[in-house]
Amino acid sequence: SPSEQATHPNEAPRRLTINVSVTDPDDLKVTEGDRIIVGQLIADRTRDRNRLEAQARQLDLTLQRLEQSTITPPLPPATPPPIATPTYLEQNAAIDRAKADVDQAEALINAKHQELDYLAQLPNLDPLVMEHEQAKLAELQRNHTAAVRDYQLALGKRSTAEYDHSRAMAIDVSGRNRDMLSYQQQWANYEQRLRDRDFQLAQTQLRVDEVENAIANLAVVRSPYAGRIRRVKWLGQDSSGLLSAEITLMVRAGAGASVPGQFDGVPDGVDAAGDSAIIGD
């Protein structure tokens, strides 16, 4: 804020007051008596800038890692071939053979009973003949008992085969259901990981934007004119901890901001006029 207005609009003020806010006294880059040129740095919150830039680099790395991370979807469970329905041909054949043996044994027994009835009606029959035929009947009855046992065993084998098949079917269905439930759980976890990554990306990007905005809001104060720093006055500290300073710049005669990096038409670092050109100092 110039305390003395120039006679013409394009003329530089004789004295310029600059108010700056910094977090540390070292952020003020000039002291009383310094000669400065157009565009020279007056104040910069270097420590805050370095801290925020370090945060920005770390957030960029985090963002890249999240963007490049790969979340693989689960593979569907393998579909085994269905269990074939058995025909029980072997068991049925064994049952038929056993049943035929039982029928044959029963027929032989019936025939032997008829023969014994006939022999019992014969007069003067030798008892040894009857005893012999009754022994044959007992043998036929034992054969019948063995045939019935084999028939029941054949029926039991088919029942066992049917049970084994039904048990295998139940195990297969249970395994398929278990695999499907596991796949559904894995898919739910996969979708949750995708949502978590998207949320982390959004949060990280939001933080990046906040840090970049904070960096952009760090004012870098540069001198619009060439001249000498006449006074640096510390005004105090606000509630946020920022230090306020008032800098009074005595502008060099003829100095302007139209040619940045020049000092009265002389390249940077050259003070051709010397201190005598300072007006009002």
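Helices here are DSSP runs of H or I with at least four residues, and strands are DSSP runs of E with at least two, both numbered from the N terminus. Welcome to this predicted model, in which local features need pLDDT of at least 70, side-chain atom pairs count only at pLDDT 80 or more, and totals for chains, interfaces and linings use all residues. Residues are numbered from 1 along each chain as its sequence is written, and side-chain values use heavy atoms, with hydrogens and water left out.

**The chain as a whole**
- The secondary structure comes to 3 helices and 8 strands, and from the N terminus on the elements run β-β-β-α-α-α-β-β-β-β-β.
- Of the 281 residues, 27% count as buried (under 20% relative accessible area, with exposed over 50% and partly exposed in between, using a 1.4 Å probe and protein chains only).
- Contact means heavy atoms within 4.5 Å; among contacts between residues at least 6 apart in sequence, 74% join residues at least 24 apart.
- The chain exposes about 18,400 Å², and carbon and sulfur atoms supply 52% of it (areas come from the Shrake-Rupley method with a 1.4 Å probe; for residues, only the protein chains shown count as cover).

**The sheet**
- An open sheet is formed by 4 strands in the order S1-S6-S5-S2, with antiparallel pairing (two strands pair if DSSP finds at least two bridges between them).
- Strand S1 (15-22) and strand S2 (35-36) stand at the edges with a single partner strand each, so one side of each has no neighbour in the sheet.
- S2 is joined to strand S5 (residues 227-237) by 2 bridges, and these strands run antiparallel; here Ile-36 has Gly-227 in S5 as its bridge partner.
- S5 is also joined to strand S6 (residues 243-251), by 9 bridges and again antiparallel, with Arg-228 standing opposite Met-250 in S6.
- S5 and S6 form a hairpin with 5 residues between them, and Gly-241 in the turn has a positive phi of about 95 degrees.

**Helix H1 and its cover**
- Helix H1 (residues 46-68) has 23 residues and reaches 33 Å from its first C-alpha to its last, close to the 33 Å expected at 1.5 Å a residue (the expected span is 1.5 Å times one less than the number of residues).
- The buried residues of H1 include Leu-52, Ala-56, Leu-59 and Leu-63, and helix H3 (127-217) is among the elements that cover the buried residues of H1.

**Two residues of helix H3**
- Arg-207 lies in helix H3 and counts as partly exposed because its relative accessibility is 35%.
- Leaving aside neighbours within four places in sequence, Arg-207 is in contact with Gln-55 and Leu-59; Arg-207 and Gln-55 are 152 residues apart in sequence and 9.4 Å apart in space, C-alpha to C-alpha.
- His-144 also has its place in helix H3, and it counts as buried because its relative accessibility is 18%.
- Not counting residues up to four places away in sequence, His-144 touches Val-102, Ala-105, Glu-106 and Ile-109.

**The largest pocket**
- The largest pocket has a volume of about 170 Å³.
- Its lining includes Glu-90, Gln-91, Asp-101, Asp-150 and Lys-157.
- Helix H2 (89-120) and H3 are the elements that give two or more residues to this lining, and the largest share, 5 residues, comes from H2.
- A pocket is an open set of points on a 1 Å grid over the protein atoms alone, where a 1.4 Å probe fits, with protein on both sides within 12 Å along at least five of seven lines; lining residues have an atom within 4 Å of a point.
- Grid points are joined across faces, edges and corners, and a volume is the space filled by probe spheres set on the points.
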